[in-house]
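Work through the exercises below with the sequence and the model at hand. Each task is followed by its solution.

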Amino acid sequence: MEGGQSNKKIAFIIQARMKSTRLPGKILLPIPLGGDKTLLSWILDELNFSEFDNKIIVASSTNTENDILEAFCKKNKVEIFRGNEEDVLSRFISIAKRDNYNCVVRLTADNPVIDIKILDDTIKYHFFNNNDYTNTVGLPIGMNFEVIAPDALISLENCNLNDSDREHVTLFIKNNSQFKKGEYVVSCEEIFKDFRLTVDYSSDYTLLSSIFSQINNNVGLRGIELIKVTYSKFPWLFESNSFNFQKRQFPTINLEIKEAHYLLDQFELKNASEILKKHLES
């Protein structure tokens with residue numbers, strides 16, 4: 001590790017809740033199907049391989065449906081912080097203020113495939129460039145990371161934020177120029193960037209369950225190497241969730257309408273698509 005970085009303390013904050021309109025309770029589902037390890041457990045176990053001094057905190061809400069998540073954390077000796085259901089950012093800020101962390105890594109409990117070497121390399125890149133915010137690019141959907149300087153995160157308390165900024169945690173930092181930002185580019189085949197390795201829908205779970213079932217046959221394979229080996233054997237498997245919609249924030253209304261136009265075309269809703277097309281051309 002580069003000079004001084006071995007003394008850095010990292011907060012791995014896993015954003016988690018049991019509520020989900022599309023797949024309720026997904027974060028504590030066993031994966032692979034029939035196994036004895038939950039989706040969240042895969043994340044926790046992988047983070048323990050980080051070479052940095054770190055603390056893992058599950059950030060959830062005070063809603064009663066998350067009591068079972070708190071019980072899971074206590075049973076597995078993982079720290080849990082519970083705060084506002086809608087203001088996710090306030091949970092991250094509260095955690096960041098509780099200790100002298102050198103950086104915060106934002107993770108979500110529905111992204112179970114962690115490549116810990118890439119995460120550690122991203123943290124090193126973040127420190128080397130003295131960034132306020134660093135994100136990875138080039139990995140499949142659900143495998144990218146966000147690294148944030150605690151001072152930048154805490155400074156958001158004094159900013160004029162809207163509901164989206166509070167829900168999506170890093171949105172204000174990404175959209176404002178006063179923060180120093182960087183991208184850690186991961187060298188990966190172009191096709192992998194479009195793979196969905198996040199669990200929102202039942203079809204996402206089916207794909208991830210199939211991928212994790214390969215671990216027993218490929219002992220030692222983890223992270224992106226597990227994905228590459230699975231794809232080399234079963235490329236058709238990754239088509240199973242390729243039409244699922246990935247929620248995201250758009251910087252302008254025209255970009256959002258353009259995406260809506262694309263989706264309507266995909267589902268052959270031609271009349272509605274034509275109306276949006278005329279709007280974009282006007």
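**Exercise 1. Find which element gives the largest share of the lining of the second largest pocket, then describe that pocket.**

Solution. Step 1: helix α10 (residues 253–266) supplies the largest share of this lining, four residues. Helices are DSSP runs of H or I with at least four residues, strands are runs of E with at least two, and both are numbered from the N terminus.

Step 1: the lining has 21 residues, and D194, S242, F243, N244 and Y262 lie nearest the centre of the second largest pocket.

Step 2: the volume of the second largest pocket is about 510 Å³, taken as the space filled by probe spheres set on the grid points, which are joined across faces, edges and corners.

The model is predicted: local features need pLDDT of at least 70 and side-chain atom pairs count only at pLDDT 80 or more, while totals for chains, interfaces and linings use all residues. Residues are numbered from 1 along each chain as its sequence is written, and side-chain values use heavy atoms, with hydrogens and water left out.

**Exercise 2. State how many salt bridges there are, and examine the pairs E70–R82 and K117–D121.**

Solution. Step 1: a salt bridge has a side-chain nitrogen of Lys or Arg within 4 Å of a carboxyl oxygen of Asp or Glu. The count is 23.

Step 1: E70 and R82 pair with an N to O distance of 2.5 Å. E70 is in helix α2 (residues 67–75) and R82 in strand β3 (residues 79–83), so this bridge ties together parts twelve residues apart in sequence.

Step 2: in the bridge between K117 and D121, the closest N and O atoms are 2.9 Å apart. Both residues belong to helix α4 (residues 116–128), and because they are four residues apart, about one helical turn separates them.

Technical notes. 1 Å grid on protein atoms, 1.4 Å probe; cavity = no way out; pocket = protein on both sides within 12 Å on 5 of 7 lines; lining within 4 Å.
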